[in-house]
Amino acid sequence: MTDRSKIKDKNPFRVPDNYFSEVSRKIYERTEAPGRLKSKNRVIGLVKPALMLAAAMMAFAIISYTGLRLLFPEYGETDEENFTELLYQFDEVELIDKLTEQEPDDDIQSAEPDEIIDYLLDHDIEYTSIMEFLN
Amino acid sequence: MREDISDQIILEEFNKNRHYGFRLLFDKYHERIYFHIRRIVILHEDADDALQNTFMKIWKNLDKFRRESSLYTWFYRIASNEAIAMVNKRKRETGLLLDDLSEYFNTSEEGDKWFDGDEAEQKLRNAILKLPDKQKLVFNLKYYEDMRYDDMSRVLNTSVGALKASYHHAVKKIKDYLTNN
């Protein structure tokens, strides 16, 4: 590696006055106080797929229930026993089973944030672009 | 500046006290990393962003640094990736192609800002700007940093033979440009 004086000899690029002391200060500040917003965004990014799946399952349950009500009017509005039975079928069995079956979500949740950053680094993926895309 | 401190000592200090170790490392490397990035991205504002991104990635990942490569080749790898990402971002934002981008830097006030080169240095800058990204990196690392090919191989994840060929092509293109302009 060359020494700095040799780099400067060939270097026509200038920087603003006090730039290097200023950027040192900025970097040290960032390392002293990790960005809370970034951490929050990361958590949202990680749980977003699970939330979307849960919302889709709820929508499916509501649409199915409405369909059943229309197709089988004998299940009357006042038939509280049948209504409860239908509700339990969706909530307790299908919804929870579907949610716990999601292996990719488990992987995401168990991954350390640093592992994710490392992966992005190794694959030269811009972290900020992904966050912009997700948000 | 703390250029006399070895990387080994920096890593040992980092393991004892992350903040102190990181400061030693930053003090030793930030200027040379800045100018490496600057030669790729040209604009100071872009170099500043890429430098900060580089050191924040180093900060977040240094404790997992695998010692089979040297610290400085690892830094240059991260910095090179950040610099190329910044160039691509600039291309997307301006909608310019590589040749247009070098023309843009050559003619715009933005390109001249914080650039003190004489006519020959400006020509060299423009010739380097016209190189494809990988060749540009190879040329800069060899010409400005005197980096050894085996170190460069670790930075760019490319064989030594391919790097030598790439440098040879880059030099030829630059000579052609300087002859014809």
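These exercises, each with a worked solution, concern a predicted model of two chains.

Residues are numbered from 1 along each chain as its sequence is written, and chains are lettered from A, with ligands numbered from 1, in the order in which they are written. Since this is a predicted model, local features need pLDDT of at least 70 and side-chain atom pairs count only at pLDDT 80 or more, whereas totals for chains, interfaces and linings use all residues.

**Exercise 1. Confidence**

Find where the predictor's confidence is lowest and highest in chain A and in chain B.

Solution. Begin with the scale: pLDDT is the predictor's confidence in each residue, from 0 to 100. Chain A averages 69, and 37% of its residues score at least 70; within chain A the lowest mean, 46, belongs to helix H1 (residues 4–9), and the highest, 91, to H2(A). Residues 1–8 of chain A have a pLDDT below 50, although this stretch has twelve contacts in the model beyond near neighbours in sequence, two residues being in contact if their C-beta atoms, placed from the backbone, lie within 7 Å. Where pLDDT is low, the predicted coordinates should not be read in detail. Turning to chain B, the mean is 86, and 86% of its residues reach 70 or more; confidence there is lowest in helix H6 (residues 109–112), at a mean of 62, and highest in H3(B), at 94. For the complex, the predictor gives an ipTM of 0.79 and a pTM of 0.62.

**Exercise 2. Composition and burial**

State how many helices and strands each chain has, and what percentage of its residues is buried.

Solution. Helices (H or I, at least four residues) and strands (E, at least two) are DSSP runs, numbered from the N terminus. By this count chain A has seven helices and zero strands, while chain B has ten helices and zero strands. For burial, a residue is buried if 20 or more other C-beta atoms lie within 10 Å of its own, exposed if 12 or fewer, and partly exposed in between, with C-beta atoms placed from the backbone. Buried residues make up 1% of the 135 residues in chain A and 38% of the 181 residues in chain B.

**Exercise 3. The largest nonpolar core**

Identify the residues that touch the most other members of the largest nonpolar core, and follow the contacts of Phe75(B).

Solution. A nonpolar core is a set of buried Ala, Val, Leu, Ile, Met, Phe, Trp, Tyr and Cys residues joined through C-beta atoms within 7 Å. The largest one has 48 residues, of which Ile37(B), Val41(B), Phe75(B) and Ala83(B) touch the most other members. Among the elements that give it two or more residues are helix H2 (18–41), helix H3 (44–61) and helix H4 (71–94) of chain B. Leaving out residues up to four places away in sequence, Phe75(B) touches Tyr29(B), Ile33(B) and Ile58(B).

**Exercise 4. Packing around H2(B)**

Describe how H2(B) packs against H3(B), H4(B) and H2(A).

Solution. Axes are lines fitted to C-alpha atoms, for helices over the stretch in contact, and angles run from 0 to 180 degrees between N-to-C directions. H2(B) and H3(B) pack at about 140°, with their axes 9 Å apart, which makes H2(B) oblique to H3(B); angles under 35 degrees count as roughly parallel, over 145 as roughly antiparallel, 65 to 115 as roughly perpendicular and the rest as oblique. Residues making this contact include Ile33(B) and Ile37(B) of H2(B) and Ala47(B) and Leu51(B) of H3(B). The axes of H2(B) and H4(B) come within 9 Å and cross at roughly 35°, and among the residues in contact are Tyr29(B) and Ile33(B) of H2(B) and Phe75(B) of H4(B). Between the chains, H2(A) (residues 19–32) and H2(B) pack at about 150°, with axes 11 Å apart, and are therefore roughly antiparallel. Here Phe20(A), Ser24(A), Ile27(A), Tyr28(A) and Thr31(A) meet residues of H2(B) that include Phe22(B), Phe26(B) and His30(B).
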